[in-house]
Amino acid sequence: GFKMGIVGLPNVGKSTLFNALTKTAAAQAANFPFCTIEPNVGEVGVPDSRLETLAGIAGSKQIIPTRMTFVDIAGLVKGASKGEGLGNQFLANIREVDAIAHVLRCFEDGDVTHVEGRVDPVEDAETIETELMLADMESIERRLQNIVRKVKGGDKDAVQQERLLRQALAVLEDGNPARTVEVDKDDLKAWNTLQLLTTKPILFVCNVDEDSAATGNEHSEKVAKMAAEQGAAHVVISAQIEEEISQLDPEEATMFLEEMGLHEAGLDRLIRAGYELLELQTYFTVGPKEARAWTIRRGTLAPQAAGVIHGDFERGFIRSETIAFDDFVALKGEQGAKDAGKMRVEGKGYEVKDGDVLHFLFNA
Ligand code: GDP
């Protein structure tokens, strides 16, 4: 599954948000169970109303959402890249995630200390980015020492790695994150294995006070501008509201959201933004036993999409019976779609579309 790391300076609301995300009673009651793997790791069911629609049509006994993992990565402070205290551990944690949700304090509250004594989310974002860039520079320099030895030994992969690492280092030394390097298509695979921190996609999460949850405020507006300039995404959330919602049952939660002028919970918006950021999409498998959602990257071909369910499905892939979501709904299920000629048989080269209802045939 896909993993999102929650980072940010201390006292910006990371834990509040993480706890709310993973404890939402509404989410659980709606059959979106989560489980906490470790105290700071939570799996969240991805809300998707299409799943209920499909289950309703097919009479599926169970609904199983696809999942996204959130990791609360504490300990990012000025000087963290020097590996003091928790430093190294959380840098290792960040390396493992697919994307970073960077929580920024956009609320004023005299009772909650800000580490720098003022509320300035843009400046905070730079502080964190600087630490990540320093960590990248340090790890590149360390790796280069090893690689230079391998290059001398005639290792071809090492030649490519050295070239890419030096490219990244040059950009970082100019004060820019490694994601600004323009990578050649042929180098992409090697580039991704470098696992640099500042190549991870970023979603800025503006944690605003309750009154600004629907509208945003002057702080979140500055973040929005910064995000746009960087080509990064942003969402406006009030961690405190999310915390309150997480205590309510689904009906109460809906009423509460309406009172606050919100259409949906922050969790939904955060996950959707994460999906967008990682260029993810969903396909479904539907039967009398269960209706289930699966996550894939956009552009994934049918065999690899099948591989998300089981490796055997990918290895033995023959074909996929495919019904578009809208056809499945309009024609009231598989039989109807089949009768109307809307069930397509797709082969190995088929690029799965968002919302496809798939049935894989494979050699066991
Ligand atoms: P972390 O260090 O980033 O994990 O921050 P916490 O989640 O522990 O929050 C730090 C403090 O800020 C706690 O006392 C929270 O109750 C408070 N806090 C978090 N979000 C908000 C918010 O949106 N508004 C206000 N006023 N306080 C908040």
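K14 touches I6, G8, D72, A74 and V103, leaving aside residues up to four places away in sequence; contact means C-beta atoms, placed from the backbone, within 7 Å. This is a predicted model: local features need pLDDT of at least 70, side-chain atom pairs count only at pLDDT 80 or more, and totals for chains, interfaces and linings use all residues. Residues are numbered from 1 along each chain as its sequence is written.

- K14 lies in helix α1; helices (H or I, at least four residues) and strands (E, at least two) are DSSP runs, numbered from the N terminus.
- K14 is buried because 25 other C-beta atoms lie within 10 Å; the cut-offs are 20 or more for buried, 12 or fewer for exposed, and partly exposed in between, with C-beta atoms placed from the backbone.
- N11 is found in the loop between β1 (2–7) and α1.
- N11 counts as partly exposed, with 13 C-beta neighbours inside 10 Å.
- V112, T113, H114 and V115 touch N11, not counting residues up to four places away in sequence.

**Ligand shell**
- The ligand is surrounded by 16 residues, the closest being G13, K14, S15, T16 and D109; a shell residue has its C-beta atom, placed from the backbone, within 6 Å.
- α1 (14–23) and α9 (239–245) each supply at least two shell residues.
- α1 gives the most, with 3 residues.

**Record**
- An unreviewed UniProt entry places "binding site" at N11, V12, G13, K14, S15 and T16; positions follow the numbering used here, feature names are shortened, and annotations may be inferred rather than shown by experiment.

Terms used:
Two residues are in contact if their C-beta atoms, placed from the backbone, lie within 7 Å.
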